[in-house]
Amino acid sequence: MSSLLRVHGRIGQRTLLLTTAAVPLTGWTVHALALHRRLAAAKKDPLTSLLRRDAYTARARQVLRRHGDDTVVVLVSGVRAGSLNAA
């Protein structure tokens, strides 16, 4: 084949490949972040920002598994973190 038949475009093949891969990956990343935020918000009480009962129980079990049975897990109900006055 002669070199005259091969036409170079304005966009190189590598640039086209990177763009083709980057566009769906960017969309997927934005979607994953939005979904993660929605799932994290669903685990918290909207009024107090504390974990709901199911999320709290799962987190407490995880802490106990990691640190053993000698760990004390305390549930503070109705008090927002940092709202207590230090005496």
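Which helix is the place of Arg66? Select Arg66 and you'll land in helix H2, which covers residues 53–67. Keep in mind as you look around that this is a predicted model.

**Stop 1: the whole chain.** Zoom out for a moment. The chain has 87 residues, and buried ones make up 6% of them. Its secondary structure comes to 2 helices and 0 strands.

Stop 2: Arg66 has a relative accessible area of 53%, so it counts as exposed, the cut-off being over 50%.

**Stop 3: the loop.** Move on to Thr48, which sits in the loop between helix H1 (13–42) and H2. Is Thr48 buried or exposed? Its relative accessibility is 18%, so Thr48 counts as buried, since the limit is under 20%. Show the side chains here and pick out Asp45 as well: a polar contact of 3.1 Å joins the side chains of Asp45 and Thr48.

**Stop 4: Ala42.** Finish by selecting Ala42, which is found in helix H1. Ala42 is partly exposed, at 48% relative accessible area. Then select Ala55, 13 residues away from Ala42 along the chain, and draw a line between the two C-alpha atoms: they are separated by 9.4 Å.

Methods. Residues numbered from 1 in each chain as written. Predicted model: local features only at pLDDT ≥ 70, side-chain atom pairs only at ≥ 80, totals over all residues. Heavy atoms only, no water. Helix = DSSP H or I, 4+ residues; strand = E, 2+ residues; numbered from the N terminus. Buried < 20%, exposed > 50% of the residue type's maximum accessible area, 1.4 Å probe, protein only. Polar contact = N/O pair within 3.5 Å; in protein donor to acceptor, adjacent residues only side chain to side chain.
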